[in-house]
Amino acid sequence: MIFIDYSMPDFSGPETTKLLSEELHKRGIYGIPMIGCTAHIDETIVHNCEEAGMVDVLIKPVLLEKLREALLEHCYDYAQK
């Protein structure tokens with residue numbers, strides 16, 4: 001599982017997700033869940049993250065219960081593949 005911040009200095013979270021996915025695929029690695037993190041509650045941002053291939057988006061500050069839910073859901077999904 002990889003957590004990616006939406007707003008980073010050199011690349012946006014969606015750009016990073018796409019680049020990382022491409023690199024992983026070149027190496028034959030598929031299905032690692034990538035989760036976006038953002039302080040902005042905006043449907044456009046959530047949509048951009050999903051379009052880039054993120055499986056979920058957590059709003060900062062991340063509540064422990066939300067983190068727990070994401071870990072359980074996406075780690076379980078990955079383990080089943």
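Predicted model: local features only at pLDDT ≥ 70, side-chain atom pairs only at ≥ 80, totals over all residues.
Local features were taken only where pLDDT is at least 70 and side-chain atom pairs only at pLDDT 80 or more, whereas totals for chains, interfaces and linings use all residues. Residues are numbered from 1 along each chain as its sequence is written, and side-chain values rest on heavy atoms, with hydrogens and water left out.

Salt bridges make a handy starting point. With a salt bridge taken as a side-chain nitrogen of Lys or Arg within 4 Å of a carboxyl oxygen of Asp or Glu, the whole structure contains three. In one of them, Lys 60 pairs with Asp 5, with 2.4 Å between the closest N and O atoms. Lys 60 sits in the loop between strand 3 (56-59) and helix 3 (64-80) and Asp 5 in strand 1, so this pair ties together parts that are 55 residues apart in sequence. Helices (H or I, at least four residues) and strands (E, at least two) are DSSP runs, numbered from the N terminus. Glu 23 forms a salt bridge with Arg 27 at 2.9 Å, and Glu 65 forms one with Arg 68 at 3.6 Å, N to O. Glu 65 and Arg 68 are three residues apart in helix 3, and therefore separated by about one helical turn.

Beyond its neighbours within four places in sequence, Asp 5 is in contact with Gly 13, Cys 37 and Lys 60, contact meaning heavy atoms within 4.5 Å. The C-alpha atoms of Asp 5 and Lys 60 are separated by 9.7 Å.

Strand 1 also holds Phe 3, which is partly exposed at 38% relative accessibility.

Turning to the cysteines, a disulfide was defined as a pair of cysteine sulfur atoms within 2.5 Å, and the count by this rule is zero. For Cys 37, the nearest cysteine sulfur is that of Cys 49, 9.0 Å away. Cys 37 is buried, with a relative accessible area of 12%. For Cys 75, the nearest cysteine sulfur belongs to Cys 37, at 13 Å, and Cys 75 is partly exposed at 37% relative accessibility.

Note on methods. Buried < 20%, exposed > 50% of the residue type's maximum accessible area, 1.4 Å probe, protein only.
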